[in-house]
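Good morning. I will take a few minutes to walk through one structure, going from the whole chain to single residues. Please look at the sequence and the model first.

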Amino acid sequence: MSQARLMDGTALARRTLEDTAKRAADLTERTGEAPCLATVLVGEDPASVTYVRMKRNRCRTAGIESRHVALPAATTTEELVGTLRTLSEDAGVHGILLQHPVGAHIDERAAFEAVAPEKDVDGVTFASFATMSFGLPGFVSCTPGGIMRLLDEYDVDPAGKRAVVVGRSAILGKPVGMLLLARDATVTYCHSRTRDLSAAVREADIVVAAVGRPRLIRGQDVKPGAVVIDAGYNAGNVGDVDFDSAVERASLITPVPGGVGPMTIATLLEQTVDAATRQLGV
Ligand code: NAP
């Protein structure tokens with residue numbers, strides 16, 4: 001079998017960002033107000049600092065304002081909730097991103113729920129999970145939303161296919177499974193207690209790896225012709241899929257980096273412009 005085609009997230013994200021920038025410029029011209037994303041960072045974890053910087057840089061190039069709130073690592077749940085409520089009520093802020101993970105001493109769920117649903121452009125609240133799962137208007141979790149865009153771009157229709165999602169986190173595994181289900185895939189979730197991961201993966205027409213374990217998914221378990229989406233990102237630019245062996249069996253595969261990652265930020269910015277458009281009533 002020939003090698004899989006690469007799903008180029010960098011190129012799709014670039015096109016999505018160009019479109020978002022046009023919409024942001026149009027909105028700014030019509031309303032006199034630029035879309036604004038508030039980014040909230042607790043502590044100074046180097047990876048989180050980098051992610052927030054990347055998101056703010058992309059905002060700048062897309063004509064989206066960003067307002068950054070840096071809080072000390074010792075911030076309490078109450079203080080963080082207070083900050084997020086204040087931003088939720090601020091008419092000059094259209095979208096809110098709380099960079100996670102936050103420190104273990106913070107109740108992350110309480111913090112997420114302090115984000116007003118209409119500003120939840122990262123798609124982390126219960127309200128967003130519910131609207132996404134029921135296929136109602138609202139915001140999707142950004143990485144899952146980006147994954148669905150990649151599938152669409154490469155004409156992968158999930159309907160009737162067996163999709164195996166490895167990982168069940170609230171921001172990635174669970175929501176991507178719900179989005180695949182909404183598109184009529186037959187979805188299986190695997191996680192750390194799954195007894196025979198290899199057997200489950202072997203059944204999959206679409207595999208989504210969302211674990212955080214380098215090269216956990218081996219090529220020998222990939223069904224010939226399957227679509228392989230690797231959302232994992234581990235030290236050394238390594239995904240959760242053993243790319244070199246999986247590329248020999250899959251029909252389509254995302255590289256790491258340059259696959260899912262760029263689509264996450266593109267989805268965040270797109271949803272920020274959606275939020276601003278709704279809030280500014282145009
Ligand atoms: P997480 O919250 O740590 O969740 C990991 C999931 O993997 C859990 O559901 C866990 O199961 C499961 N798991 C752990 N070991 C396993 C094993 N041996 N076999 C099967 N399942 C196993 O991680 P996350 O936040 O979802 O992130 C997952 C990966 O995606 C990370 O590499 C992260 O860096 C990456 N990520 C990338 C982006 C992006 O934009 N590209 C965005 C977010 C995350 P249990 O539930 O049973 O513990």
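The secondary structure of the protein chain amounts to 10 helices and nine strands. Helices here are DSSP runs of H or I with at least four residues, strands are runs of E with at least two, and both are numbered from the N terminus. The radius of gyration of the chain is 19 Å, close to the 19 Å that the globule rule gives for 282 residues, so the chain is as compact as a globular protein of that length. That radius is taken over C-alpha atoms, and the rule is 2.2 Å times the number of residues to the power 0.38.

Before going on, a note on what we are looking at. This is a predicted model, in which local features need pLDDT of at least 70 and side-chain atom pairs count only at pLDDT 80 or more, while totals for chains, interfaces and linings use all residues. Residues are numbered from 1 along each chain as its sequence is written, and side-chain values use heavy atoms, with hydrogens and water left out.

Back to the whole chain. Taken along the principal axes, the box filled by its C-alpha atoms is roughly 55 × 40 × 35 Å. Of the 282 residues, 49% count as buried. Buried means under 20% relative accessible area, exposed means over 50%, and partly exposed is in between, with a 1.4 Å probe and protein chains only. The accessible surface comes to about 12,900 Å², and 52% of it belongs to carbon and sulfur atoms. Those areas come from the Shrake-Rupley method with a 1.4 Å probe, and for residues only the protein chains shown count as cover.

Now contacts, meaning heavy atoms within 4.5 Å. Among contacts between residues at least 6 apart in sequence, 71% join residues at least 24 apart.

On charge, the chain has 30 positive and 35 negative side chains, and the centres of the two sets lie 4 Å apart. Lys and Arg count as positive and Asp and Glu as negative, with His and the chain ends not counted. Each charge is placed at NZ of Lys, CZ of Arg, CG of Asp or CD of Glu.

How is the chain divided into domains? The assignment gives domain 1 at 31-117 and domain 2 at 141-261. Their C-alpha centres lie 28 Å apart. The bounds come from an automatic or database domain assignment.

Next, helix 7, which spans residues 173-182. Which of its residues are buried? They are Gly173, Pro175, Val176, Gly177, Leu179 and Leu180. These buried residues pack against helix 5, helix 6 (142-153), strand 5 (162-166), strand 6 (186-190) and strand 7 (206-209). After helix 7 comes aspartate 184, with a positive phi near 70°.

That brings me to backbone geometry. Most residues other than glycine have a negative phi, and most peptide bonds are trans. Arginine 215 has a positive phi of about 55° although it is not a glycine. Arginine 215 sits in the loop between strand 7 and strand 8 (227-230), and is partly exposed at a relative accessible area of 47%. Asparagine 237 also has a positive phi, about 60°. Asparagine 237 is in the loop between strand 8 and helix 9 (243-246), and is partly exposed at 39% relative accessibility.

There are cis peptide bonds to point out as well. One joins histidine 100 and proline 101, with omega about 5°; proline 101 lies in the loop between strand 4 (95-98) and helix 4. Another joins valine 256 and proline 257, with omega about 0°. Proline 257 is in the loop between strand 9 (252-253) and helix 10 (260-279).

Proline 117 is in the loop between helix 4 (108-113) and helix 5 (126-134). Is proline 117 buried or partly exposed? Proline 117 is partly exposed, with a relative accessible area of 46%. Leaving aside neighbours within four places in sequence, proline 117 contacts Ala127 and Phe139. Glycine 32, in the loop between helix 1 (9-31) and strand 2 (36-42), is exposed at 69% relative accessible area. Aspartate 107 is in the loop between strand 4 and helix 4, and counts as partly exposed at 39%.
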